[in-house]
Amino acid sequence: YPKVAAALQLMNSVRGHYAYITVVFYKGHKLLLVDRRLSPLASQKPGVQLKPNSELLIVKATAADQSCTAVCEAKSGYRCDSKQFDFVNDCAALQRYFSCASCNRDMGK
């Protein structure tokens, strides 16, 4: 999104969406920006939806202030793939590793 935002002179982060689809008006045109990883509507057309790498492995940090790179490097032969973050940065995946009472896209409690 940051590259698209820069090209279209938009804010650096999505401010609102429906089913991970954002409507943008640019030079008299209506553009629909679809998050191909997260939008359930992307799965309705074959080849559109992006899926996680079949070898994706979630590695739990041992401390709250550890970076992904540090955690992955501590595991022999592992590396972080930022393209996979949205597949693990969701409530279902995070609640398996953290004891939050509630969760939403922006924060856990």
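The legends below describe close-up views of a predicted model. Local features need pLDDT of at least 70 and side-chain atom pairs count only at pLDDT 80 or more, while totals for chains, interfaces and linings use all residues. Residues are numbered from 1 along each chain as its sequence is written, and side-chain values use heavy atoms, with hydrogens and water left out.

Figure 1. Helices (H or I, at least four residues) and strands (E, at least two) are DSSP runs numbered from the N terminus. The order of elements from the N terminus is α-β-β-α-α-α. The radius of gyration, taken over C-alpha atoms, is 17 Å, well over the 13 Å that the globule rule gives for 109 residues, so the chain is more spread out than a compact globule. That rule is 2.2 Å times the number of residues to the power 0.38. Along the principal axes, the C-alpha atoms fill a box of roughly 50 × 30 × 30 Å. Of the 109 residues, 15% are buried; buried means under 20% relative accessible area, exposed over 50%, and partly exposed in between (1.4 Å probe, protein chains only). The accessible surface comes to about 8700 Å², with 53% of it belonging to carbon and sulfur atoms. Accessible areas come from the Shrake-Rupley method with a 1.4 Å probe, and for residues only the protein chains shown count as cover.

**Figure 2. A nonpolar patch on the surface is formed by Val-23, Phe-25, Leu-32 and Val-34.** Patches are made of residues with over 30% relative accessible area and no salt bridge, joining like charges within 9 Å and nonpolar side chains (Val, Leu, Ile, Met, Phe, Trp, Tyr) within 5 Å. Together the four residues have about 410 Å² of accessible area. Strand 1 (21-26) and strand 2 (29-34) each supply at least two residues of the patch. Phe-25, in strand 1, is exposed at 64% relative accessibility.

**Figure 3. Thr-22 is a buried residue of strand 1.** Its relative accessible area is 11%. Leaving aside residues up to four places away in sequence, Thr-22 touches Val-14, Gly-16, His-17, Leu-31, Leu-32 and Leu-33; contact means heavy atoms within 4.5 Å.

**Figure 4. Tyr-20 and Lys-27 have positive phi values.** Most residues other than glycine have a negative phi. Tyr-20 has a phi of about 60° and sits in the loop between helix 1 (2-8) and strand 1. At 25% relative accessibility, Tyr-20 is partly exposed. Lys-27 has a phi near 50° and lies in the loop between strand 1 and strand 2. Lys-27 is exposed, at 70% relative accessibility.

**Figure 5. Arg-37 and Asp-35 are joined by a salt bridge.** The term covers a side-chain nitrogen of Lys or Arg within 4 Å of a carboxyl oxygen of Asp or Glu. By this rule there is one salt bridge, and its N to O distance is 3.4 Å. Arg-37 is partly exposed at 28% relative accessibility.

**Figure 6. Cys-68 and Cys-80 form a disulfide.** A disulfide is a pair of cysteine sulfur atoms within 2.5 Å; the structure holds one, with the sulfur atoms 1.9 Å apart. The torsion about the S-S bond is about -115°, so the disulfide is left-handed. The pair links distant parts of the chain, twelve residues apart: Cys-68 is in helix 2 (residues 68-74) and Cys-80 in the loop between helix 2 and helix 3 (85-88). Cys-68 is partly exposed at 30% relative accessible area, and Cys-80 is partly exposed at 23%. Cys-72 is buried at 10% relative accessibility.
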